[in-house]
Amino acid sequence: MFRISLLFAVVLFVGLSCEVYAQDAGQRTRELVTALDKTKYKKKEKANISIEVYVDIKNEAAVREDPTAYSGNYGSEEYRMTLSVAKDGSVTGDGYDVVGENMRRMNFTLRDARIQGALLTGTKVYEGGSPQPFEGVFTNRTVSTGKNVNQIDSRETLFGFGFIQTNGSWTNRVFLERR
């Protein structure tokens, strides 16, 4: 009887641990998606001329049933990343970032990377062996532009990968479009 109770307790503990981890990954995904959002509005008036500019960037986590669907090339002007994703969510990849105070392009390799839901976590190992923890989220990113919130001229949605880059005293929202 004691063994059955002990076995039940262990199974319950492991099950709850997995559920808590899944909730943590979901919570972290929501936090990153929210951190990638941005809205800007500027209005300037001079003489009889008025200029308004409105940009709204919204992200939505892009969860795929099959993690291998995330495999591919992602990039922007200053960043590139190539991912190969296995059915179990393990990830291998490489790419380059613009890093450091002198904003130098540095190659990296992903180590111990995994996908859970839309969240990718792992370690970027830069050339020279410098490791840095890494996390980001696969998103559908919608950019709306116009004069103001009531006068939107264009709206475009793209699939890609977003992350927050921190370098000393500044942070940068990075979006890598799927290519």
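1. Basis of the note. The model is predicted, and local features need pLDDT of at least 70, side-chain atom pairs count only at pLDDT 80 or more, while totals for chains, interfaces and linings use all residues. Residues are numbered from 1 along each chain as its sequence is written, and side-chain values use heavy atoms, with hydrogens and water left out.

2. Salt bridges in total. A salt bridge is taken here as a side-chain nitrogen of Lys or Arg within 4 Å of a carboxyl oxygen of Asp or Glu, and by this rule the count comes to nine.

3. Asp66 and Lys87. The side chains of these two residues form a salt bridge, with an N to O distance of 3.4 Å. The pair links distant parts of the chain, 21 residues apart, since Asp66 sits in the loop between strand E2 (49–61) and strand E3 (72–75) and Lys87 in the loop between strand E4 (80–85) and strand E5 (90–99). Helices (H or I, at least four residues) and strands (E, at least two) are DSSP runs, numbered from the N terminus. Asp66 is partly exposed at 29% relative accessible area, whereas Lys87 is exposed at 63%; buried stands for under 20% relative accessible area, exposed for over 50%, and partly exposed for values in between (1.4 Å probe, protein chains only).

4. Arg104 and Glu127. A further salt bridge joins Glu127 to Arg104, with the closest N and O atoms 3.7 Å apart. Glu127 belongs to the loop between strand E7 (119–126) and strand E8 (131–148) and Arg104 to strand E6 (residues 104–116), so the pair ties together parts that are 23 residues apart in sequence. Glu127 is partly exposed, at 41% relative accessibility, and Arg104 is partly exposed, at 41%.

5. Arg111 and Asp112 meet through their side chains in a salt bridge of 3.9 Å, N to O; Arg111 is partly exposed at 42%, and Asp112 is exposed at 65%.

6. The largest nonpolar core. A nonpolar core is a set of buried Ala, Val, Leu, Ile, Met, Phe, Trp, Tyr and Cys residues joined through side-chain atoms within 4.5 Å. The largest one has 31 residues, of which Leu83, Leu120, Phe138 and Phe161 touch the most other members. At least two residues come from each of several elements, including helix H1 (2–36), strand E9 (151–167) and strand E10 (170–178), and E6 gives the most, with five residues. Leaving aside neighbours within four places in sequence, Phe138 is in contact (heavy atoms within 4.5 Å) with residues that include Tyr70, Tyr74, Leu83, Ile115, Leu120, Phe159 and Phe161.

7. A surface patch. Ile49, Ile51 and Val53 make a nonpolar surface patch of about 280 Å². Patch residues have over 30% relative accessible area and no salt bridge, like charges being joined within 9 Å and nonpolar side chains (Val, Leu, Ile, Met, Phe, Trp, Tyr) within 5 Å; accessible areas come from the Shrake-Rupley method with a 1.4 Å probe, and for residues, only the protein chains shown count as cover. Val53 has its place in strand E2 and is partly exposed, at 44% relative accessibility.

8. Positive phi angles. Most residues other than glycine have a negative phi. Ala47, in the loop between strand E1 (38–46) and E2, has a positive phi near 55° and is exposed, with a relative accessible area of 80%. Asp112, which lies in strand E6, also has a positive phi near 55°.
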